[in-house]
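Good morning, and thank you for making the time. Please have the sequence and the model open while I speak.

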2 protein chains.
Amino acid sequence: MKHTYEYPRAALTVDCVVFGFDSGQAELQVLLIRRGLAPFKDHWALPGGFVRVEETLDDAARRELEEETGLKDLFLEQLYTFGTVHRDPRERVVSVAYYALTKPADHTTAASTDAAEARWFPVTDIPPLAFDHAEIFATALARLRGKLTYQPVGFELLPPKFTLTQLQRLYESVLGTEIDKRNFRKKVLSYDLLIPLKEQHREGPHRPAQLFRFDPMKYERLKKKGFLFEI
Amino acid sequence: MKHTYEYPRAALTVDCVVFGFDSGQAELQVLLIRRGLAPFKDHWALPGGFVRVEETLDDAARRELEEETGLKDLFLEQLYTFGTVHRDPRERVVSVAYYALTKPADHTTAASTDAAEARWFPVTDIPPLAFDHAEIFATALARLRGKLTYQPVGFELLPPKFTLTQLQRLYESVLGTEIDKRNFRKKVLSYDLLIPLKEQHREGPHRPAQLFRFDPMKYERLKKKGFLFEI
DNA sequence: GAAGTATTGTGTATTATTCACACGAAGTCA
DNA sequence: TGACTTCGTGTGAATAATACACAATACTTC
């Protein structure tokens with residue numbers, strides 16, 4: 001079936017920058033897929049695709065993400081809309097970019113589910129990307145860095161139960177800085193948003209670490225009172 | 001001429017939230033136009049219109065702004081893209097929203113140039129808006145508030161020469177708070193981005209005020225060194 | 001079971017930053 | 001010359017940020 005309009009229209013797509021954090025490697029990762037079709041066939045690219053006319057932008061982003069990578073129910077936020085005229089060599093394509101955060105536990109499902117190859121890359125070492133995806137990726141990383149310091153989004157990148165050291169490694173990895181252990185712990189605990197669990201995390205020949213979980217309800221309550229999370 | 005596509009496509013528009021600051025009234029204003037056509041005929045709305053297929057999103061925003069309000073060469077930044085399915089009653093329309101800042105000197109030109117009625121409203125008292133423009137406006141105001149505290153964008157809202165009191169009034173108006181005069185002056189001057197002029201601003205039966213101008217070059221240099229402007 | 005090893009968990013002193021606060025100076029007008 | 005209005009300035013107290021070192025706990029090995 002054909003669809004006809006009075007004036008030419010741009011095609012509308014969504015692209016997603018999916019960040020994952022590997023507590024083992026202590027390095028921030030980004031999920032890329034290998035393109036199966038021209039243009040940029042066999043190049044690495046951000047997962048994404050066309051927006052359907054009867055779905056919202058957010059819905060389109062979630063749908064494409066699940067179709068191409070198998071990931072769902074992750075933290076997703078609109079990033080920026082890229083609309084230079086020739087960013088796609090075929091025709092005018094405007095892309096609404098999103099960034100997403102996912103927990104390590106979900107990582108495994110990602111690569112396996114879809115036919116198209118999907119792989120995690122450390123953000124410090126990504127291959128050349130199709131279209132203007134390198135620019136989108138850079139924008140997303142900058143946004144994540146900014147956001148991490150004044151919103152408690154980091155927990156989206158960790159498993160539900162985590163140690164303070166894991167949380168610190170996450171911050172260090174994303175921000176690219178070293179943080180003093182005592183000052184970091186003092187600060188995050190002062191917000192009273194982390195609930196110590198009865199469990200401990202034990203691995204290796206050393207003292208086990210206290211496990212915590214994040215309390216999102218409490219954060220919502222505080223947020224309404226103008227509370228600001230800053231690290 | 002008709003244009004035909006395999007799948008239905010959303011129409012793409014830009015909408016602009018234009019902020020202006022009136023040093024006289026010391027209140028933040030927003031520029032609205034009265035719609036001449038259905039839907040929402042005679043309602044107030046944000047200036048905006050359809051994106052042409054051969055222009056970037058930024059270009060479209062600037063073009064529409066000049067066409068509908070006569071304003072040009074102003075600070076313009078992408079805000080967010082609004083893409084719920086039925087935000088326009090006619091068909092699927094996705095709108096890339098921008099916000100713009102303009103100096104009082106440019107205000108007068110605005111209302112006059114175009115045929116469609118354009119008017120400034122204080123942000124605290126705006127009429128009902130067409131489409132989802134109230135939501136767009138709210139998003140823009142929130143963004144401006146956030147931005148003002150960590151980027152020197154406020155100067156875009158003031159004339160080239162301004163007094164520290166005018167600057168303070170601007171911050172107070174946008175942020176909706178009162179600020180201590182001495183602490184405010186100490187802080188903004190500490191960044192060394194304001195150049196005192198030889199001129200003074202005199203009006204009324206009282207001591208005249210020192211005029212300053214903002215040094216954007218210096219800011220650019222500092223920014224590269226990771227400098228952060230915070231108020 | 002004692003010694004070695006690796007990581008967790010904790011407190012204090014020093015230094016910056018933020019905040020609260022009041023009055024003389026410089027102009028106009030009557 | 002006195003009344004009025006806004007401009008312009010400094011200090012002390014409170015709070016937040018920073019730098020920094022060692023004992024506690026588990027596992028492994030001999």
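Predicted model: local features only at pLDDT ≥ 70, side-chain atom pairs only at ≥ 80, totals over all residues.

In which strand of chain A does A:Leu31 lie? A:Leu31 belongs to strand β3 of chain A, residues 27-34; strands here are DSSP runs of E with at least two residues, helices are runs of H or I with at least four, and both are numbered from the N terminus.

Residues are numbered from 1 along each chain as its sequence is written, chains are lettered from A and ligands numbered from 1 in the order in which they are written, and side-chain values use heavy atoms, with hydrogens and water left out.

Let us return to A:Leu31. Is this residue buried or exposed? A:Leu31 is buried, because its relative accessible area is 0%; buried means under 20%, exposed over 50%, and partly exposed in between, with a 1.4 Å probe and protein chains only. The C-alpha atom of A:Leu31 is 4.5 Å from that of A:Trp120, although 89 residues separate the two along the chain.

I turn now to DNA strand C. A residue is near a strand if one of its heavy atoms lies within 4 Å of it. There are 21 residues around DNA strand C, and those that come nearest are A:Lys181, A:Arg185, A:His206, A:Gln210 and B:Pro205. By class, this surface has 5 nonpolar, 6 polar and 10 charged residues. In this scheme Ala, Val, Leu, Ile, Met, Phe, Trp, Tyr, Cys and Pro are nonpolar, Asp, Glu, Lys and Arg are charged, and the others, Gly among them, are polar.

Of the atoms of DNA strand C within 4 Å of the protein, 42% are sugar or phosphate atoms, and the rest are base atoms. For polar contacts, the requirement is a pair of N or O atoms within 3.5 Å; within protein, one must be able to donate a hydrogen and the other to accept it, and residues adjacent in sequence count only if both atoms are side-chain atoms. A polar backbone atom of A:Gln210 is 2.6 Å from a phosphate oxygen of DNA strand C.

What, then, surrounds DNA strand D? There are 22 residues, the closest being A:Arg207, B:Lys181, B:Arg185, B:His206 and B:Gln210. They divide into 5 nonpolar, 6 polar and 11 charged. Sugar or phosphate accounts for 43% of the atoms of DNA strand D within 4 Å of the protein, and bases for the rest.

An N or O atom in the side chain of A:Asn183 is 3.1 Å from a base nitrogen of DNA strand D. A:Pro205 has a backbone N or O atom 3.3 Å from a base nitrogen of DNA strand D. The elements giving two or more residues to this surface are α5 of chain A, with α5 and β10 (209-214) of chain B.

One of the closest residues to DNA strand D, B:Arg185, is in helix α5 of chain B. B:Arg185 counts as partly exposed because its relative accessibility is 29%. Its C-alpha atom is 9.5 Å from that of B:Leu167, 18 residues apart along the chain.

Finally, a word on cysteines. How many disulfides are there over all chains? The count is 0, where a disulfide is a pair of cysteine sulfur atoms within 2.5 Å. A:Cys16 counts as buried, because its relative accessibility is 0%, and B:Cys16 is likewise buried at 0%.

That concludes my presentation; I welcome your questions.
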